[in-house]
Amino acid sequence: MDLSYTAEEEDFRARLREWLGKALPALPPKPSPDDWPGRRVYDLGWQRTLYDAGYAYVHWDADPTTRLIFLEETERAGAPYVGANFVGLLHAGPTIAAEGTDAQRARWLEPILRGEEVWCQGFSEPDAGSDLAALRTRAWRDGDDYVVSGSKIWTSHAEVADWCELLVRTDPTAAKHRGITWLAMPMDAPGITVRPLRTLAGSAEFAEVFLDEVRVPVAHRVGAENDGWRVTMVTLSFERGTAFVGEVVACRRVLGELAREARANGRWDDPVLRRGLALLEAEFRALWRLTQWNVSEASAGGVPGVGGSVFKLRYSHARQELYDAAADVLGDAALDLDRPWVLDRLSSLSYTIAAGTSQIQRDIVAERILGLPKGR
Amino acid sequence: MRFRLTDDQRALRQGVRDLLARRFDRDALRAAVERPALDRALWRELGAAGFFALRLPETEGGVGLGLPEAVLAFEEAGRALLPGPLVATHLAAGRVPGAAEGETVVTTVDAGGLVEWLAAADVVDERGGEGGAAGGNGDAAGAVALRSVDPLTPLHRVPRRSRRTASEPVAVLLTAAEQLGTATRACELAVQHARAREQFGQPIGAFQAVKHLCAELLVRVEVARAAVYAAAVTADPADVAAARLLADEAAVRGARDCLQVYGGMGFTWEADVHLLLKRAWVRTRRAGGGTESEELLARELLSGAGR
C-alpha cells in the first residue's frame, strides 16, 4: 500500500500547476448560470485551451492516476468545470472510442477533444427512469435512415448541443434489453423540439426532448442494431469511475469554509454541530482515500468496476449531509437564496437520484458484489 | 501511487487468517464464550508467528514490518473475534519482557479507567505504548470488576482516574483495524444468512428490504477499509481519528444490521451476531471513545491543515 506518487506523477502535477497558474487568469469572465449560449462558448473555450496545452486527452487515454491528479489540481486551482463537455467527454466520447468504427471515431472524437461540438444524452424517458431498458422511443428503418419518434427527459445542455447520444427501440418484439440501439442524432435535424425543464433549484438545468419522425442516418449507429444496451453499459461504467474526484476535493474545501463560518458566527461552540462537522470530515477523508483505492485498482485492472457503486452510494448521501450541515451553520440565513451553499443544498438533492438512484445502486452492490439473488 | 495490497501483504493477511482458522475457529470461539479464559498456548503461538513483534526491528528480534502489516493482522483478529488484550500486548512488545514472544500478557488502563482482562494479564502497562519503562501492577490498584456486557472481554474499572490528554494513535488505529475485521465478519454472516434462509418461497436476500441492508453493510465496510488502510500508511493522527470513527460505525451498525437480517435467530445466544456487537461496543469505549477523535478532527478542520 503506497499513497506516494511517482516522480513522473509529481512532475505531471507540478507542470499542470504551473500551467494553471498562467492559464486561469487569462480566462474570460464566467457567464451567468442562465445564459446557456454563453455557457456553451465558455465551456468549449476552456476545452480548447486544454486541447492546445496538450491536456485534452486526460479523460480518455491517461492512466487513472494521472486523471486523478488532473481532476484534483484543476479543482484546487478553481479551473472551470467540464460543463457542457460532460456528455461528450465522459459518456458519448468514451462509448464511440470503445465501440465505434474507425470512421465514427475520426468524425466525432476530435471535435469533442478540441471543444468544437457539444453532446447531450437521450437515455431516460418519462416512463423509463430506473428501468431504463423499458424505453419506448421507436426507430424504424427507412432506406439509409432510421426514423425516430418518442420523447426523452432529464437531458442536460439539449438547447445548445450539436449531437445527442440516443437510445431507441428498434425491435419491440425482443426482450426489453435486446431491442435497443445506440444512435448519434444531430440536434439540428427536423422534428426535434426541446422544452426546458425547471428544477426545484429554480434553474433550467435539464430539458425534455420530443422527437417527431426525426431522420438519423444508419451510418450514425454505434454498435450493431439491437446491441445498444451493451454499448450503453460501457458508457455507464465510465460514469461510475473517477467522475466525482473534483467534487470530493470541492466538498473538503467547503467543509473547511463551514468550520470557519461557524467559528465566526459562534455556532462552533455547539458541540453537536462541531462534532457533526468532524464526522463529515472523517467521511470525506475516507471518500478521498476510497477514490485513491478505486483509482489504484483501476490502474491495475483496466475499466472501473462496481466499486464505483459503493463510492456513489456513500458520496451522494455525504454530499447531502454536508449541505444540511451548512444549513445548521447558517441558521436562518439557510433560507436566503443569495447566501452561499443554499443553492448547493438544493442541487445536492439530485445526487441520490441521478445516474442510478441509491436504491438501484444498492441492488447493484448486493447482486453483483455480494452475489445475492436477483429480485425486487 | 499504488494504494492496494502488495503480494506480500496479501500473503501476510492470508497467513494470519489461516492460523486463526486453525487455532480459533467458530467452535473455539463458542467454547471460549462458555469458559472465558485466555488461551496461553494460542497466545504463545501468536507470539511465535510474530503477531506481537510485527513492528519491532529485526535487530531487536522483531519481524521488522510496519503499521500497514500490523493493521492487516489486527483486522484478521477482529474478524475472528480473537479475545484478549491484543493491542496492549502488541504495543508493549520490546518494552515489557516476554510481550513480543506472547509469554507475557499485557493489559493497560484505558483513558476512561477501564481495564480489559485484568485478572488474566501478567502486567498492567502504565504507559499504554507511549514509550518509557514498563509499568507495574500498581496502576490498576483499587480496580473493581464489572459484569461485562461482552462475555469475552472481562472488564475492571479503576476509580477516580484522571484522564490523559490524548491517546496513542497506534492503539487507536489497531482498534479500528479490529473493528474493520468485525464489520467484515458481520457483512459475511448477513450475506450467508440472506442467501440460505428462505421465507415466502425464496431466499430472503432476494427481497430488496433485506438486500439493501446487506449492501449498506458492505458500503460501510469498504469506506472504513479505505480510511483504516490510508491511516496505516500515513500514521497521521487526524487520519487515524477518521479511520476510528468510520470503523466504529461500520462494526456497530454492521452488527446491528446483521442481527436484523438474522431475524429471531439473531436475538439468540446461540447465534454469533451478539458476540460481534458486544465486542464492537467494548472497542468503541477505548481511548476516550469517539468524542476524543471527533474533537481532534474538529480542531484539524478549523486549522485547515492537511488540505
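A polar contact is a pair of N or O atoms within 3.5 Å; within protein, one must be able to donate a hydrogen and the other to accept it, and residues adjacent in sequence count only if both atoms are side-chain atoms. Across the interface of domain 1 and domain 2 of chain B, 17 residue pairs are in polar contact, both residues being at pLDDT 80 or more.

## Basis of the model

The model is predicted: local features need pLDDT of at least 70, side-chain atom pairs count only at pLDDT 80 or more, and totals for chains, interfaces and linings use all residues. Residues are numbered from 1 along each chain as its sequence is written, and side-chain values use heavy atoms, without hydrogens and water.

## The two domains

Chain B is assigned domain 1 (7–157) and domain 2 (169–303), with bounds from an automatic or database domain assignment. Taken over C-alpha atoms, their centres are 21 Å apart. To the contact (heavy atoms within 4.5 Å), domain 1 of chain B gives 33 residues and domain 2 of chain B gives 35.

## Salt bridges and the domain 1 side

Six salt bridges cross the interface of these two domains of chain B, each being a side-chain nitrogen of Lys or Arg within 4 Å of a carboxyl oxygen of Asp or Glu. B:Arg30 forms a salt bridge with B:Asp272, with 2.7 Å between the closest N and O atoms.

On the side of domain 1 of chain B that touches domain 2 of chain B, helix H2 (26–34), helix H4 (67–79), helix H5 (86–92) and strand S2 (114–116) each supply at least two residues. Helices (H or I, at least four residues) and strands (E, at least two) are DSSP runs, numbered from the N terminus. The largest share of this side, nine residues, comes from H4(B).

Technical notes. Chains are lettered from A and ligands numbered from 1 in the order in which they are written.
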